[in-house]
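This briefing sets out selected features of the structure shown below. The points are grouped by topic for reference alongside the coordinates.

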Amino acid sequence: MIAASIVTYKTSTEELADCLRCLTACEFISIIDVVDNASQQSLKDYLSANFPGVNYIPNVNNGYGAGNNISIRRSLQHPDLKYHIVLNSDILFEPSAVTILKQKLDNDESIGLIMPAVVGRDRLPLTSCHPLPSPVDLLLHRFTSDRLLKCWRDNYDLCAQNFKRDTDVPYMCGSFLFFRLDALRHVGLFDERFFMYPEDIDITRRVHRHYKTIVTPDTTITHYHRAESRHNMRMLRIHAWNMLKYFAKWGFVFDGERREFNRQLYKDLSLP
């Protein structure tokens, strides 16, 4: 009933194995695809020996969203699947988390995408969603400290643990996205012009146009977040270039949908 995909690129097998153990423990997950953007024979052999029920899909490195699209297209053609989970390899969770999220989707067909609360390896809450960003938001977020502009940062960095209820948000971070496949049939898959980073902003806002995109405080996952673009200049350049392409698509200054979606989010959260 549920498929899941992980895109890897020279990923640690220990990290991947921990995530796969979480997935294989979930009774509702029937298909797991590992899309290997490095096409490593060693990973294929490792999965065959240790996780024989997991599908290994070799791929050229054409980006995170493009890799997941390979798996999602397979799910869309499967008559028995209703949902598809896209997740990072550095995610850990209890099987009950998937059960809770599935029940919410089963009970409300207006939800097209759902995500749990997120904590880090220290069990402290991590940002799991945002309002839709402007170029200024991203510059402030990247180049100011946590102590500066605290009110703005608190309104931009939203943690589901602080929510009193399920909240409809226009931008979810892409570490764990639980999609209704009918929503993807409606709005399309990841935009493959984005090699990495803004593909989660783009697909969340497209689903948000037509469905609820819910972040729930009712269950939690752990993200061993690397934030590579903060420490690696090459990844920072990739991040910046792809964000420029994102704003070229949606608008640098004039983005009426961004303004409307954010206004509604702040109203729902009673933020200034």
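Leaving aside neighbours within four places in sequence, which residues is Asn242 in contact with? In this predicted model, the contacts of Asn242 beyond those neighbours are Arg193, Phe194, Phe195, Met196 and Pro198.

**Asn242 in helix α9**

- Asn242 belongs to helix α9, which covers residues 233–250.
- The relative accessibility of Asn242 is 2%; because buried means under 20% relative accessible area, Asn242 counts as buried.

**Nonpolar surface patch**

- Trp241, Leu244, Phe252, Val253 and Phe254 make a nonpolar surface patch of about 630 Å².
- One of these residues, Val253, sits in the loop that lies between α9 and α10 (256–269).
- Val253 has a relative accessible area of 62%; since exposed means over 50%, Val253 is exposed.

**Helix α10**

- Glu257, Arg258, Phe261, Asn262 and Leu265 are the buried residues of α10.
- Viewed down the axis of α10, these buried residues fall within an arc of 120°, so they line one face of the helix.
- An α-helix has 3.6 residues a turn, so residues three or four places apart point the same way.
- Packing partners of the buried residues of α10 are β7 (129–130), α5 (135–143), β8 (167–168), α8 (199–208) and α9.
- Arg259 and Lys267 are exposed on the other side of α10.

**Helix α4**

- Helix α4 comprises the 13 residues 95–107, which at 1.5 Å a residue should span 18 Å; the end C-alpha atoms of α4 are 19 Å apart, which agrees.
- Within α4, the residues Ala97, Val98, Leu101, Lys102, Lys104 and Leu105 are buried.
- The arc that these residues cover around the axis is only 160°, which puts them on the same side of α4.
- The buried residues of α4 pack against the strands β1 (2–8), β2 (29–36), β4 (83–87), β6 (111–119), β10 (176–180) and β11 (212–223).

Notes:
Residues numbered from 1 in each chain as written. Predicted model: local features only at pLDDT ≥ 70, side-chain atom pairs only at ≥ 80, totals over all residues. Heavy atoms only, no water. Helix = DSSP H or I, 4+ residues; strand = E, 2+ residues; numbered from the N terminus. Expected span 1.5 Å × (residues − 1). Buried < 20%, exposed > 50% of the residue type's maximum accessible area, 1.4 Å probe, protein only. Arc of directions from axis to C-beta. Contact = heavy atoms within 4.5 Å. Patch = residues over 30% accessible without salt bridge, like charges linked within 9 Å, V, L, I, M, F, W, Y side chains within 5 Å. Areas by Shrake-Rupley, 256 points an atom, 1.4 Å probe, with all protein chains shown as cover. Salt bridge = Lys/Arg side-chain N within 4 Å of Asp/Glu carboxyl O.
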